[in-house]
Amino acid sequence: MIDLNDEQKKFIKENSPTAWNAFVNDDYRILEEELYMFMVENGFDKNDDITDYGRKLEKMCDDVQRQNCV
């Protein structure tokens, strides 16, 4: 079972249908991949510098990974 808090669930459900589907299907590998891709696609400016939003995404990815380390 993938461990996500309510804020993470809400964010994923609203922003990444593929990641949400992975969560619902208990597929951590795909969830992690999709979150990373979402961060890469949305967390950087035109100069490839990380944005404040990107830092929040990075923290969420790190937190999800830490919560689900076996």
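In which loop does Asp26 lie? In this predicted model, Asp26 is found in the loop between H2 and H3.

**View 1. Asp26 in the loop between H2 and H3****.** The phi angle of Asp26 is near 55°, a positive value in a residue other than glycine.

**View 2. Asp48 in the loop between H3 and H4****.** Asp48 also has a positive phi although the residue is not glycine, with a value near 65°. With a relative accessibility of 61%, Asp48 counts as exposed.

**View 3. Buried and exposed sides of helix H1****.** Helix H1 comprises residues 6-15, and Gln8, Phe11 and Ile12 are buried within this helix. These residues lie on the same side of H1 because they cover an arc of only 95° around the axis. Asp6, Lys10, Lys13 and Glu14 are exposed on the other side of H1. The buried residues of H1 pack against helices H2 (17-24), H3 (28-42) and H4 (52-67).

**View 4. The N-terminal cap of H1****.** Asn5 caps this end of the helix, placing a side-chain oxygen 3.1 Å from the backbone nitrogen of Glu7.

**View 5. The crossing of H1 and H4****.** The two helix axes come within 12 Å and cross at roughly 120°, which makes H1 oblique to H4. From H1, the contact is made by Gln8, Phe11, Ile12 and Asn15; from H4, by Tyr53, Leu57, Met60, Asp63, Val64 and Gln67. The crossing of H1 and H4 is left-handed.

Conventions
Residues are numbered from 1 along each chain as its sequence is written. This is a predicted model: local features need pLDDT of at least 70, side-chain atom pairs count only at pLDDT 80 or more; totals for chains, interfaces and linings use all residues. Side-chain values use heavy atoms; hydrogens and water are left out. Buried means under 20% relative accessible area, exposed over 50%, partly exposed in between (1.4 Å probe, protein chains only). Helices (H or I, at least four residues) and strands (E, at least two) are DSSP runs, numbered from the N terminus. The arc is that of the directions from the helix axis to the C-beta atoms. Contact means heavy atoms within 4.5 Å. A polar contact is a pair of N or O atoms within 3.5 Å; within protein, one must be able to donate a hydrogen and the other to accept it, and residues adjacent in sequence count only if both atoms are side-chain atoms. Axes are lines fitted to C-alpha atoms, for helices over the stretch in contact, and angles run from 0 to 180 degrees between N-to-C directions. Angles under 35 degrees count as roughly parallel, over 145 as roughly antiparallel, 65 to 115 as roughly perpendicular and the rest as oblique. A crossing is left-handed if the near helix is turned anticlockwise from the far one by less than a right angle, and right-handed if clockwise.
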